[in-house]
Amino acid sequence: METTQERLDLDNARNQNNKKSGQAQYVVFNIGEEEYGIEIEYTREIIKSAQITNVPNTDEHVVGVINLRGIIVPVVDLHSRFEIDQDSGEFDSEEQRTITVEINDMLLGIQVDHIEGIVWLEEESITPAPDVESNLRQDYLRGVCARDEDHLLILLDLEKTLFTQ
């Protein structure tokens with residue numbers, strides 16, 4: 001289960017006005033070596049560990065389902081969805097988390113390597129994703145934002161990431 005601090009941080013962030021003039025909050029996490037962000041308004045909670053039950057005949061990026069206080073939640077592995085090698089990155093398996101998100105009236109889990117935190121981003125600092133050759137489909141991206149001189153934050157379009165075939 002998630003730690004009490006993770007739950008409080010997420011609840012506090014969501015309870016604040018998650019849209020300020022020209023700004024929005026994002027949950028930032030790692031998949032492999034890259035940092036990704038999703039809008040906090042979709043996020044319900046972050047859980048540390050849960051028993052994932054495999055379900056046969058599902059898409060390869062669906063790793064199974066979890067029982068979240070009596071609610072069965074499908075879990076998507078973003079490594080598989082983005083075709084990123086499981087061994088890429090610097091994080092231990094103990095740092096892996098499942099972010100539960102609600103989108104299109106569905107509760108889903110997305111499995112990530114590490115939670116970086118919650119950040120405010122200026123909407124004007126978000127630029128369209130450049131066309132580059134990579135395994136990550138361009139339609140999954142909302143845009144990119146410079147975190148500092150050396151790091152870009154990849155912002156996901158969660159609906160397209162989870163539901164586009």
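I looked up R69 and found a relative accessibility of 53%, so I noted R69 as exposed, since the cut-off for exposed is over 50%. The model is predicted. I placed R69 in the loop between strand 5 and strand 6 (71–77). I then checked its backbone: phi of R69 is near 50 degrees, a positive value in a residue other than glycine.

I turned to N57, where phi is near 60 degrees, also positive in a residue that is not glycine. I found N57 in the loop between strand 4 (43–47) and strand 5 (62–68). Its relative accessible area is 82%, so I put N57 down as exposed.

Next I went to the interior. Nonpolar side chains in soluble globular proteins tend to be buried together. I noted that the largest nonpolar core has 24 residues, and that F29, I38, I99 and I110 have the most contacts inside it. I listed the elements that give two or more residues to this core; among them are strand 2 (23–31), strand 3 (34–39), strand 7 (97–103) and strand 8 (106–112). The helices on that list are helix 2 (78–82) and helix 3 (158–163). Strand 10 (141–146) and strand 11 (152–156) are on it too.

Which residues is I99 in contact with, leaving aside neighbours within four places in sequence? I wrote down V27, F29, I38, T43, E45, I46, L108, G109, I110, V112 and I115.

I also recorded a second, separate core of nine residues. A24, Y26, L121 and L155 are included in this second core.

Note on methods:
Residues numbered from 1 in each chain as written. Predicted model: local features only at pLDDT ≥ 70, side-chain atom pairs only at ≥ 80, totals over all residues. Heavy atoms only, no water. Helix = DSSP H or I, 4+ residues; strand = E, 2+ residues; numbered from the N terminus. Buried < 20%, exposed > 50% of the residue type's maximum accessible area, 1.4 Å probe, protein only. Core = buried A, V, L, I, M, F, W, Y, C linked by side-chain atoms within 4.5 Å. Contact = heavy atoms within 4.5 Å.
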